[in-house]
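Good morning, and thank you for coming.

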Amino acid sequence: MKLTLSHVTKAFGQKYAVEDFSAEFERGVYGLLGPNGAGKTTLMRMMVDILTPSSGRIRLDGVDISELGAAYRDKLGYMPQEIGVYRNFTARRFLKYLSALKGIPSGEADGTIVSLLELVGLKDVADKKLGGFSGGMLRRIGIVQALLNDPKILILDEPTAGLDPQERIRFRNIVSEISGDRIVLLSTHIVTDVEFIAGKVILMREGRLLRMDTTEDLLRSVEGMVWSVTVPRREADRLKEKYDVSNIAQRADGLALRIVSAEKPLGDARPEQPTLEDVFLHYFGREAV
Amino acid sequence: MRIVKENKAIPFQEFEVPSVSDQKIEAACDRIAEYLPARRRAGSRGTDGLFRIVLLEARCRTPLYWMLCALLLAFGVYALRFSLWNLSPYAVLPLLAPLPFLSNLIDAFWGRERQVAEIEKTCKFSIRQLYLAKLLVGLACDLAVTAALSLFCVGTSYEGWKLAFSSLTALFWVGTAALFLTGGRSCPLSVSALLAVWVIAGTLALQVPEFYRFAVDLNTAAAAGITTVSAVPFFLKLCARSPKNQPEQEGT
């Protein structure tokens with residue numbers, strides 16, 4: 001199964017949200033990273049056939065998804081950035097309703113709903129109304145509804161936003177478990193979520209594809225560019241002005257800075273192992289901060 | 001004559017135009033197509049499965065809604081069989097006729113957050129089918145109640161067709177107003193307000209002797225004509241109330 005985006009562009013009036021984006025997706029987990037306004041959500045909405053590209057093609061195994069129609073949506077699971085629900089429905093009823101909309105037979109849906117609610121730890125509140133759910137619980141409902149039809153293509157827009165650290169770990173494990181023979185694309189602002197589970201990372205800026213590579217290759221691309229220094233506060237201010245600083249920590253002898261720079265920022269700067277956050281800072285600079 | 005021939009012959013020199021194979025033409029078209037908007041396949045989100053989705057929507061209605069429909073039917077039968085405050089069913093029942101349609105809108109959209117459409121759009125059934133199904137459930141209930149009451153006219157002094165036409169006219173006009181209102185975000189609230197306004201205005205209208213007499217004395221053919229005219233804006237609005245016509249929104 002191959003999902004191909006060829007020269008995909010989306011314009012709203014005079015503004016290009018996505019511009020000439022081409023990429024190929026085969027089974028595996030893909031992390032979509034980019035600062036706010038990079039066009040991630042617009043790209044995902046085109047990939048789930050909610051938006052029609054202004055130009056370009058999105059094809060599944062060579063067939064345009066707009067031609068596949070319901071056959072494509074049958075294979076699709078989508079979790080939008082903002083989860084909307086019927087607040088007066090119980091979790092079970094809402095999921096049953098969406099199961100029916102996805103064309104899942106009623107008997108089959110019941111079992112799937114129970115097992116998925118158990119997977120995300122919401123089995124006990126299955127018969128509670130969604131109006132009383134917290135933001136984190138609603139996001140988990142969002143994940144469940146995306147998985148109802150056992151999708152071969154799973155597109156998750158900011159799935160971990162609003163989840164507490166424990167829930168995020170649980171979510172990461174779920175995605176890793178289910179990713180086997182699917183295409184999973186997830187966008188996030190939390191770089192560490194992608195670092196552990198994504199086989200490939202897509203960097204996007206101003207609607208354009210900046211880079212698409214494995215996590216290892218991206219880390220390699222900033223090798224020798226990450227430094228740590230401990231300096232007095234005044235010196236720290238100067239360094240912050242001049243370099244991209246990915247972390248600042250208070251130390252007894254001053255401030256410990258983690259700097260991403262091609263050049264050694266200070267004589268006593270120590271080289272560090274890069275993380276995906278450093279990569280993010282390197283490619284997006286001050287936009288990322 | 002010879003000179004003219006020579007002058008004409010000069011521009012027509014022979015050129016070799018290489019013939020292009022069909023494959024090459026197709027390849028060029030495919031390449032160019034990459035830069036053009038995709039053409040949506042007609043019927044890819046068509047009407048197939050609409051019946052199934054109407055049934056699903058009907059199953060989603062709350063017991064309160066079905067109780068209201070049953071109550072309305074019972075009230076109508078009572079009004080036809082027994083005298084009711086000395087008012088004619090021709091005047092009273094059209095006042096109540098749009099209730100199943102309006103209550104259905106309130107019931108279907110109650111508690112619905114706007115963003116849920118984002119999820120619904122990616123399901124197998126299209127959002128257009130879904131919205132249409134929501135409206136059709138109410139319309140079907142309304143028609144069923146009206147038809148049942150018209151049948152109950154058999155054996156009474158009332159004419160079933162006239163009652164049906166009067167009821168449908170009220171349904172179409174109030175339904176059109178409701179469809180205008182459901183374009184807004186606070187759909188249940190605005191439809192509830194419309195319902196209240198309709199019931200109050202209708203009750204007040206019945207106090208006006210001229211209006212009351214008009215409703216009672218209207219002949220069946222005239223009622224049929226008014227119903228036909230009233231149906232036009234209703235069905236036009238029903239078709240136009242399709243999410244297909246909504247503008248695309250930017251992501252965040």
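Predicted model: local features only at pLDDT ≥ 70, side-chain atom pairs only at ≥ 80, totals over all residues.

Let us begin with the largest nonpolar core, which has 135 residues; among its members, Phe94(A), Ile155(A) and Ala178(B) touch the most others. A nonpolar core here is a set of buried Ala, Val, Leu, Ile, Met, Phe, Trp, Tyr and Cys residues joined through C-beta atoms within 7 Å. Buried means that 20 or more other C-beta atoms lie within 10 Å of the residue's own, against 12 or fewer for exposed and in between for partly exposed, with C-beta atoms placed from the backbone. Domain 1 (3-218) and domain 2 (224-273) of chain A both contribute residues to this core, so it lies between them; the domain bounds come from an automatic or database domain assignment.

Residues are numbered from 1 along each chain as its sequence is written, while chains are lettered from A and ligands numbered from 1 in the order in which they are written.

Next, strand β9 (residues 200-205) of chain A. Five of its six residues are buried, so β9(A) is largely enclosed by the rest of the structure. Strands are DSSP runs of E, at least two residues long, and helices are runs of H or I of at least four, numbered from the N terminus. Which strands does β9(A) join? Four bridges link it in parallel to β3 (residues 28-33) of chain A, and six link it in antiparallel fashion to β10 (residues 208-214) of chain A. Two strands pair if DSSP finds at least two bridges between them. Leu203(A) in β9(A) stands opposite Leu33(A), and Ile202(A) has Met212(A) in β10(A) as its bridge partner. Two residues separate the strands of the hairpin of β9(A) and β10(A), where Glu206(A) takes a positive phi near 50°.

We turn to a second sheet. In chain A, four strands form an open, antiparallel sheet in the order β12-β13-β11-β14. β12 (244-251) and β14 (270-271) of chain A stand at the edges with a single partner strand each, so one side of each is left without a neighbour in the sheet.

Finally, the chains: 32 residues of chain B are in contact (C-beta atoms, placed from the backbone, within 7 Å) with 43 residues of chain A. On the side of chain B that touches chain A, α7(B) gives the largest share, five residues.

Conventions:
Contact = placed C-beta atoms within 7 Å.
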